[in-house]
Amino acid sequence: MVHNAENISENDEIPAVIKGLRMTRQRREVYKTLMADRVHPTAQDVFVVVKDRLPQISLATVYNCLEALTQHGIIKQVHFDREPCRYCPNLHDHGHFHDQKSGRIVDVTFKPGVCLGDFLEIPEGAVINHVELTLRGSIH
Ligand SMILES: [Zn+2]
């Protein structure tokens, strides 16, 4: 069976291979961390969590795992201003809400049937192939 990252949910057992990438114990723990708590952690944040389960892992290894997962299209890098890069396992088009009170970043999805052209003046003939939408505020 071929596994696409899109059809793996956080409760599923992580397959041995995803999109051609062999899921070593370290990659698996890094990926699980991203799937379990969708707060868009930095590499350092991931390192702190994974180190609990794999005490011998180094920050450099966590970076390597994140790099491999990104290169295989299993996760995405997310950039906010000049902050350190964050990581997101949601591969569908979505935006991000940055809660400036807690620092959490949560996914914002499009409501079914709504397209960007419904509320944005998009240039005539423009074809959108990538969406980057960042909302800032606080969640009460
Ligand atoms: Zn995201």
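Gly95 stands opposite Val108 in strand E6 of this predicted model, where strands are DSSP runs of E with at least two residues, helices are DSSP runs of H or I with at least four residues, and both are numbered from the N terminus. Phe97 likewise stands opposite Val106 in E6. These positions belong to the pairing of strand E5 (residues 95–99) with strand E6 (residues 105–108), which is antiparallel and extends over four bridges; two strands are taken to pair if DSSP finds at least two bridges between them. E5 and E6 form a hairpin with five residues between them. In the turn of this hairpin, Gly103 has a positive phi of about 85°. Strands of a sheet pair through backbone hydrogen bonds, either parallel or antiparallel.

The model is predicted, and local features need a pLDDT of at least 70, side-chain atom pairs count only at pLDDT 80 or more, and totals for chains, interfaces and linings use all residues. Residues are numbered from 1 along each chain as its sequence is written.

The protein chain as a whole has three helices and seven strands. From the N terminus on, its elements follow the order β-β-α-α-α-β-β-β-β-β. The C-alpha trace spans about 50 × 40 × 25 Å along its principal axes. Of the 140 residues in the protein chain, 17% are buried; a residue is buried if 20 or more other C-beta atoms, placed from the backbone, lie within 10 Å of its own, exposed if 12 or fewer do, and partly exposed in between. Among contacts with a separation of 6 or more, 50% are accounted for by residues 24 or more positions apart, a contact being a pair of residues whose C-beta atoms, placed from the backbone, lie within 7 Å.

The domain assignment of the protein chain gives domain 1 (5–88) and domain 2 (95–137), with bounds that come from an automatic or database domain assignment. The centres of the two domains, taken over C-alpha atoms, are separated by 24 Å. Six residues of domain 1 are in contact with seven residues of domain 2. On the side of domain 1 that touches domain 2, three residues are nonpolar, one is polar and two are charged; Ala, Val, Leu, Ile, Met, Phe, Trp, Tyr, Cys and Pro count as nonpolar, Asp, Glu, Lys and Arg as charged, and the others, Gly among them, as polar.

Two packed helices are described by the angle between their axes and the distance between the axes. The axes of helix H1 (residues 25–36) and H3 come within 9 Å and cross at roughly 75°. H1 is therefore roughly perpendicular to H3, since angles of 65 to 115 degrees count as roughly perpendicular, those under 35 as roughly parallel, those over 145 as roughly antiparallel and the rest as oblique. The contact involves Gln26, Arg27, Val30 and Tyr31 of H1, together with Thr61, Val62, Cys65, Leu66, Ala68 and Leu69 of H3. By class, seven of these residues are nonpolar, two polar and one charged. Ala60 also lies in helix H3 (residues 59–71). Ala60 is exposed because 10 other C-beta atoms lie within 10 Å. Between the C-alpha atoms of Ala60 and His140, which are 80 residues apart in sequence, the distance is 37 Å.

The loop between H1 and H2 contains Arg38. Arg38 counts as partly exposed because it has 15 C-beta neighbours inside 10 Å. When residues up to four places away in sequence are not counted, Arg38 touches Val106 and Asp107. The C-alpha atoms of Arg38 and Pro89 are separated by 7.9 Å, although the two residues are 51 apart along the chain. His40 is placed in the loop between H1 and helix H2 (43–53), and has a positive phi of about 60° although it is not a glycine. With 22 C-beta neighbours inside 10 Å, His40 counts as buried.

Note on methods:
Two residues are in contact if their C-beta atoms, placed from the backbone, lie within 7 Å. Axes are lines fitted to C-alpha atoms, for helices over the stretch in contact, and angles run from 0 to 180 degrees between N-to-C directions.
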